[in-house]
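Here is a brief report on packing in one protein chain.

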Amino acid sequence: MKYILTPFLLLLSISLFGQGAHIREATKLDSVYASFSYSGQNVLAVVFDRGIDYRHPDFIDANGNTRIKYIYDMVDPSGANDPNNPYGIGTIFTETDINNALSQGGTPISLDRFGHGTATAGIIGGDNSDNNFQGVAANVSFLIVKITHDPFPAFGTEAGQAGFFNPSYLPVALEFAHDKITEIGLPSVSLMNIGSIGGPTDGTSLISRKINEFVGQGHPFVCGVGDDGGADNHAAGDFSTSTTQEILVQKGEEGFLRFDLWYSENDRFSVSIERPNGMVEGPYAAPANRNSAADRNLGDIFIGHRGADVEFFEATSEVRELLIDLIGATGTYKIILEGTSIPDLGAFHASLNPSTYSNTNKFLSHVVPGYSINDYTTADSSITPGDYVAKNTWTDVNGLARGINGQGNVGEIWLGCSAGPTYDGDLGIDFVTPGEVAFAAYQPNTYYHSFAFNQIQGSNGLYGIQNAVSGAAPVATGIMALMLEANPNLTSGQLKAILQQASEADSFTGAVPNGQWGYGKLNAHTAVRIARQLAVKNEAMLSSGIKVYPNPFKDELVLDVKGGLDQIEGIGLFTLTGKQIYQQKGKPIKTSLSFPSPLPKGIYFLHIQTSQGKWVEKVVKN
């Protein structure tokens, strides 16, 4: 039988979960609303998720019209040949289509039968006059891309559904979003609320490169770090002390388990697998070169051993992939690696999926904590929030007290939140927002809604809880929508820098930045205030004719000042943490700025003081 490598991705938490007082208080959103009049007006929220139930009142304005500009249902094949669909996949529904469907009733044109996408959009910008259930940015417009759907069993009178995910759809989804953002003409922030452990996690996979391209077109992009924390699902090691490495894997759950290992293209090692019954498969030699594969189909085990130019994630880094799908019996498997040529010492990173705090799949050797983040978040341009606990109790629709135990106390990181660093040593997480527990839109007859204990008291069955990083990421996205309303000209790099600057350490986070908390807990009021200040200051400076280029820069920055350099009274360059690394007092004598060498690559703030005030510009050193 020919083995077909089916796309596999453990989607972000299906735990059921918007912004009660606990979320607003933890993020200082109440201070934002009290200080400013921002609500996401004239900002577009793009949601890549499981679709949306457009009939929910959160997404219908006071006149009965939809707040959704487009729904691109990539899972619905009926519109693939539509001449108005240049993407050749899925079905596109316009604002007019949605309004017609609302006015006519009848069979819905597109649905989120699971409930995750509807909840995500509701947290970002659901419109409800009750503060407990209103989204973070209640006046945003929406662009919805249904990129996947989850499996679930039949419930009540509703049929179940099979899961669907095809990673080849993701570049098309980003292309569609770019085209429609450009057409609509509003500042935007996009959230891809899917993804989990696996892949090269070094920012070079095909999807990571497409995300960077999307952001480079002017579209800020958010992706949560993932729900793979709290488990022994990362292993690492090398061959410095032995030419044999035996990695023990406990397959504790029935079904599918993926082992995904990455190592240098310069190294070579064979692989054998010892089954739980002691039978050994192999050894099988490594691919001979970067363009070759050494795949094996053993029926209930698939081995995909690939050179750097043919590995499954299409990464551009100099890494090989050893992917093993364990489909058969539960028990302990031994992955035996024999180094045959290891000039780079055979250093490797490996992951397991699914392997979370809530199941029994795990590594029994070579365990190294961290390194569990979603590959999409390793794109250099991606803004990556994690999740901490603001509240772990609620009262359900029947008046019963409910809670989440053993996953973190108030103020702590959520146990399942993925953690950095990336395989190539980057931080991997920017900041954290509270996703425990967020209040989110529920639509009747969905899988989410079938669990009465997750519906919130007083919600008339239209709201329930959403937690995990799937709850935290849309909170962060809604805050970014408020920042873009305050300053529509913010670039993605500026948004990221401000969010990091506006995050705070406390007794839970310890010293920041670190791989679990990033730069700390996001203070929305600080973030919106900085965005607003930059808008006011930069407007004054732009009217004075100050420009800085190139940006990103390599060696020097050039000042272009209308009226001459004597307009400037001082210049400073600061790191993201506020450390000043360059200062020039008084009027500059030349248009170019050279900084202390070597200046590390990264994001900096350039402060230019003039008689009219201070202008702050984010600059990137390449």
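Does asparagine 523 count as buried or exposed? The model is predicted. Asparagine 523 has 8% relative accessibility, so it counts as buried, the limit being under 20%.

Asparagine 523 sits in the loop that links strand 27 (521-522) to helix 9 (524-544). Beyond residues up to four places away in sequence, asparagine 523 touches Thr27, Lys28, Ala502, Ser503 and Glu504.

| Partner of asparagine 523 side chain | Distance |
|---|---|
| Glutamate 504, side chain | 2.9 Å |

Next, the helix pair. Helix 4 (residues 116-125) packs against helix 7 (residues 469-486) at about 35°. Their axes are 7 Å apart. The crossing of helix 4 and helix 7 is right-handed. Helix 4 brings His116, Thr120, Ile123 and Ile124 to the contact. Helix 7 answers with Ser470, Gly471, Pro474, Val475, Thr477 and Gly478. By class, this contact holds four nonpolar, six polar and no charged residues.

Now the cores. In soluble globular proteins, nonpolar side chains tend to be buried together. Here the largest nonpolar core has 73 residues. Ile68, Phe142, Met480 and Met483 have the most contacts inside it. Helix 7 supplies the largest share of this core, 10 residues. A second, separate core has 31 residues, including Phe48, Tyr87, Phe176 and Val215.

Conventions. Residues are numbered from 1 along each chain as its sequence is written. This is a predicted model: local features need pLDDT of at least 70, side-chain atom pairs count only at pLDDT 80 or more; totals for chains, interfaces and linings use all residues. Side-chain values use heavy atoms; hydrogens and water are left out. Axes are lines fitted to C-alpha atoms, for helices over the stretch in contact, and angles run from 0 to 180 degrees between N-to-C directions. Helices (H or I, at least four residues) and strands (E, at least two) are DSSP runs, numbered from the N terminus. A crossing is left-handed if the near helix is turned anticlockwise from the far one by less than a right angle, and right-handed if clockwise. Contact means heavy atoms within 4.5 Å. Ala, Val, Leu, Ile, Met, Phe, Trp, Tyr, Cys and Pro count as nonpolar, Asp, Glu, Lys and Arg as charged, and the others, Gly among them, as polar. A nonpolar core is a set of buried Ala, Val, Leu, Ile, Met, Phe, Trp, Tyr and Cys residues joined through side-chain atoms within 4.5 Å. Buried means under 20% relative accessible area, exposed over 50%, partly exposed in between (1.4 Å probe, protein chains only). A polar contact is a pair of N or O atoms within 3.5 Å; within protein, one must be able to donate a hydrogen and the other to accept it, and residues adjacent in sequence count only if both atoms are side-chain atoms.
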